[in-house]
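Me: I would like to learn how to read a few features of this structure. Please give the general idea, then the case at hand.

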Amino acid sequence: AISGTLKNNSDKPVRLVESKVTFFDYNGKSIQESVEKVYGVAQNPIEPGSDYRFEINFENLPNTWNHRVPTFEIVKIAY
């Protein structure tokens, strides 16, 4: 699982956050990449200045995964 805290540093409520997560093999080659919803529109917006703790669970990762923390990049924010 990947866990962390989002902080809304903007002056508007945040309604959606998506991230790209990439797992690598022992040679540094990308072996699994996905876009994951970190925060969704079904929840109340994250108000300006507020924090939100999240956790993303992964199952069935490739056997060739290097067991290091994958890259995590925010790719979409909706207000």
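Me: Is Lys20 buried, exposed or partly exposed?

Reply: Buried means under 20% relative accessible area, exposed over 50%, and partly exposed in between (1.4 Å probe, protein chains only). Lys20 is partly exposed, at a relative accessible area of 26%. This is a predicted model, in which local features need pLDDT of at least 70 and side-chain atom pairs count only at pLDDT 80 or more, while totals for chains, interfaces and linings use all residues. Residues are numbered from 1 along each chain as its sequence is written, and side-chain values use heavy atoms, with hydrogens and water left out.

Me: What is the mean pLDDT of the protein?

Reply: Where pLDDT (the predictor's confidence in each residue, from 0 to 100) is low, the predicted coordinates should not be read in detail. Here the average is 95, and 100% of the residues score at least 70. Confidence is lowest in β1, with a mean of 93, and highest in β2, at 97. Strands are DSSP runs (E, at least two residues), numbered from the N terminus.

Me: How many salt bridges are found in the whole structure?

Reply: A salt bridge is a side-chain nitrogen of Lys or Arg within 4 Å of a carboxyl oxygen of Asp or Glu. The search finds 2. In one, Glu73 pairs with Lys20, with the closest N and O atoms 3.9 Å apart. That pair links distant parts of the chain, Glu73 in strand β5 (residues 71-78) and Lys20 in strand β2 (residues 16-24), 53 residues apart. Glu73 is partly exposed, at 44%.

Me: Which residue forms a salt bridge with Asp51?

Reply: Lys7 does, at 3.5 Å between the closest N and O atoms. Asp51 lies in strand β4 (residues 51-56) and Lys7 in strand β1 (residues 2-7), so the pair ties together parts 44 residues apart in sequence. Lys7 is partly exposed, at 49%.

Me: In what order do the 3 strands of the open sheet stand?

Reply: Strands of a sheet pair through backbone hydrogen bonds, either parallel or antiparallel; two strands count as paired if DSSP finds at least two bridges between them. The order is β3-β2-β5, with antiparallel pairing. β3 and β5 are at the edges with a single partner strand each, so one side of each has no neighbour in the sheet. β2 and β3 pair over 8 bridges, and Phe24 stands opposite Ser30 in β3.

How values were computed. Helix = DSSP H or I, 4+ residues; strand = E, 2+ residues; numbered from the N terminus.
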